[in-house]
Amino acid sequence: MQNFIDAYSAVNLSYLLRGLWVTVEVSVVSIFFSFIIGTLLGVARYVKIKYFSAIVGFIIDLIRNLPLLLILFFTYFALPNIGIRLSVVPASIIAMTVFESAMLAEIIRSGIGAVPIGQMEAARSNGMTYSQAMLQIILPQAFKKMIPPLVSQFISLVKDTSLATIILLPELTQHAQIIYGQNVNYTIPMFVALALLYFIVNYALSVGSHVIDRKLN
């Protein structure tokens, strides 16, 4: 018990919370950009533009089948070899965004495909262009169906930020490692704190998705 009391000193808790802030910051920015890019990629793959959709599909499949850790290594260690030098936070955000965009693109493509084709036909028969029908009719219905898998992917992204410790991103897990690296007796208390903090963030996302889902329904 004394180990827990000592591990949860004000200094250590403050240090953990600073790491949590970096985790949330990287996650929010990555979610924002990956959602936009993933939507564009998902639509591009769905509409089946000759050659272009096939190229987009190949890129999506390639990225989805690469480990996120490899993409993190590439953005932080390989890009400097071609003159692109990034600090650890931008490198982490770019890697997360690239990886999650590919994941979200498939979710969005499937969501659009789940909307009955009659919706598009009805919109076109009422004088809408294909783009107008997609933006105003199809995508709003698709996003309602996609809320659970999208939130599940966002939660995975939050947890995946811990992988960026490998490039020394000063996020929650890395700060915990530093704390219990100074005193091995703090290992279990830090793991408990990590579990609790990740749970709070991810559960908040889950609750938020349920609230949005209920309002939309």
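# Aromatic pairs, a loop and annotated spans

Q: How many aromatic pairs does the structure hold?
A: This is a predicted model, in which local features need pLDDT of at least 70 and side-chain atom pairs count only at pLDDT 80 or more, while totals for chains, interfaces and linings use all residues. Residues are numbered from 1 along each chain as its sequence is written, and side-chain values use heavy atoms, with hydrogens and water left out. Rings of Phe, Tyr and Trp (its six-membered ring) pair if their centres lie within 6.5 Å, and the number of aromatic pairs in the structure is six.

Q: Are the rings of F73 and F77 stacked, edge-to-face or tilted?
A: Planes under 30 degrees apart count as stacked, over 60 as edge-to-face and the rest as tilted. The ring centres of F73 and F77 are 5.7 Å apart and their planes stand at 40 degrees, so the pair is tilted.

Q: In which helix do F73 and F77 both lie?
A: Helices are DSSP runs (H or I, at least four residues), numbered from the N terminus. F73 and F77 are four residues apart, about one turn of the helix, and both lie in α4 (residues 68–78).

Q: Which residues form one aromatic cluster?
A: The rings of Y76 and F77 have centres 5.0 Å apart and planes at 75 degrees, so this pair is edge-to-face. F77 is also paired with F73. The one aromatic cluster is formed by F73, Y76 and F77.

Q: Is L168 buried or exposed?
A: Buried means under 20% relative accessible area, exposed over 50%, and partly exposed in between (1.4 Å probe, protein chains only). L168 lies in the loop between α7 and α8. With a relative accessible area of 58%, L168 is exposed.

Q: What is the phi of L168?
A: Most residues other than glycine have a negative phi. L168 is a residue other than glycine with a positive value, and its phi is near 70 degrees.

Q: Which residues is P170 in contact with, leaving aside its neighbours within four places in sequence?
A: P170 is found in the loop between α7 (130–160) and α8 (172–182), and P170 is partly exposed, at 28% relative accessible area. Contact means heavy atoms within 4.5 Å, and with those neighbours left aside P170 is in contact with G19, V22, V88 and H175.

Q: How far apart are the end C-alpha atoms of residues 20–44?
A: An unreviewed UniProt entry places the feature "transmembrane region" at several spans, including residues 20–44, although such annotations may be inferred rather than shown by experiment. The span 20–44 is 100% helix and 0% strand, and its end C-alpha atoms lie apart by 35 Å.

Definitions and conventions. Helices (H or I, at least four residues) and strands (E, at least two) are DSSP runs, numbered from the N terminus.
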